[in-house]
Amino acid sequence: MSDASNDSHGGGRKGARTTSRLAAVQALYQIEFRGEDPATTIDEFRRYRLKPGLGGPDWAAADPEFFKSIVEGAWARKPEIDGLISPALAKNWTLQRIDPVLRAALRAGVFEILARADIPARTTIGEYVELAYAFDAGAEAGFLNGVLDRIARERRPSEMA
């Protein structure tokens, strides 16, 4: 069984990893917005939020370890990740100009592309595009797709050929 087996498939029940990604985006947003310590935010989410139904009635409980790995990894590698995102943006756009939730989703997605070779890059991209819709960011879903795709093609070219 693939490590991606807990991701969402089609329009059915959302898997534990999908829920973990949703929570990770929320946590990364919270860390940046409130200036919180990542460990404090991770602890809060583990205690109160990583339950079934986080994203809706069809969402499974999050995988706490997968959630933690995304949040810790994305935050620890934020300078590197931001350095990859910035050149992928349109001219005259800066990372700070991007909606903060979308910025958090980009950071989480890029972290997975960089650090989780066990998860196909296309799965990662599809999951974060789907989450963009869950955050009511339909117009930005294409933007998110384009940036993650560009970075995946640079970092995992054999997979994206």
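Reader: Let's start with H6. Which residues in H6 are buried?

Author: Keep in mind that this is a predicted model. In H6 the buried residues are Ala 121, Thr 124, Ile 125, Glu 127, Tyr 128, Val 129, Leu 131 and Ala 132. Their cover includes H1, H3, H5, helix H7 (138-155) and helix H8 (157-160).

Reader: What makes the length of H6 close to the expected one?

Author: Helix H6 covers residues 121-134, which is 14 residues, and reaches 20 Å from its first C-alpha to its last. The expected span is 1.5 Å times one less than the number of residues, and for H6 that comes to 20 Å, so the two values are close. Just after H6, Asp 136 takes a positive phi of about 60°.

Reader: And H1, how do you know that its span is close to the expected one?

Author: By the same rule, which takes 1.5 Å times one less than the residue count. H1 has 19 residues and reaches 26 Å from first C-alpha to last, close to the expected 27 Å. Next comes Gly 35, with a positive phi near 70°.

Reader: Why is H1 called mostly covered?

Author: Buried means under 20% relative accessible area, and 14 of the 19 residues of H1 are buried, so "mostly covered" is what we call it.

Reader: Take one residue there. Why is Ser 20 called buried?

Author: Ser 20 lies in helix H1, residues 16-34. Its relative accessible area is 0%, and the cut-off for buried is under 20%, so Ser 20 is buried. Leaving aside neighbours within four places in sequence, Ser 20 is in contact with Ala 62, Asp 63, Phe 66 and Phe 67.

Reader: What makes Asn 145 partly exposed?

Author: Asn 145 is found in helix H7. Partly exposed is the range between the buried limit of 20% and the exposed limit of 50%. Asn 145 comes out at 33% relative accessibility, so it counts as partly exposed. Leaving aside its neighbours within four places in sequence, Asn 145 is in contact with Ile 125 and Val 129.

Reader: Why is Asn 92 called exposed?

Author: Exposed means over 50%, and Asn 92 has 69% relative accessibility, so Asn 92 counts as exposed. Asn 92 is found in the loop between H4 and helix H5 (100-115). Its phi is near 70°, a positive value in a residue other than glycine.

Reader: What makes H3 and H4 roughly perpendicular?

Author: Helix H3 (residues 64-76) and helix H4 (residues 78-85) pack at an angle of about 75°, with axes 5 Å apart. Angles from 65 to 115 degrees count as roughly perpendicular, so H3 and H4 get that label. On the H3 side Ala 74, Trp 75 and Ala 76 meet Lys 78, Pro 79 and Ile 81 in H4. The residues of this contact divide into 5 nonpolar, no polar and 1 charged.

Reader: Last one: how do you know that the radius of gyration of the chain agrees with a compact globule?

Author: A compact globule of 161 residues would have a radius of gyration near 15 Å, and the chain has 15 Å, so the values agree. The C-alpha trace spans about 40 × 35 × 25 Å along its principal axes. Buried residues make up 47% of the chain. As for its elements, the chain has 8 helices and 0 strands.

Conventions
Residues are numbered from 1 along each chain as its sequence is written. This is a predicted model: local features need pLDDT of at least 70, side-chain atom pairs count only at pLDDT 80 or more; totals for chains, interfaces and linings use all residues. Side-chain values use heavy atoms; hydrogens and water are left out. Helices (H or I, at least four residues) and strands (E, at least two) are DSSP runs, numbered from the N terminus. Buried means under 20% relative accessible area, exposed over 50%, partly exposed in between (1.4 Å probe, protein chains only). Contact means heavy atoms within 4.5 Å. Axes are lines fitted to C-alpha atoms, for helices over the stretch in contact, and angles run from 0 to 180 degrees between N-to-C directions. Angles under 35 degrees count as roughly parallel, over 145 as roughly antiparallel, 65 to 115 as roughly perpendicular and the rest as oblique. Ala, Val, Leu, Ile, Met, Phe, Trp, Tyr, Cys and Pro count as nonpolar, Asp, Glu, Lys and Arg as charged, and the others, Gly among them, as polar. The radius of gyration is taken over C-alpha atoms; the globule rule is 2.2 Å times the number of residues to the power 0.38.
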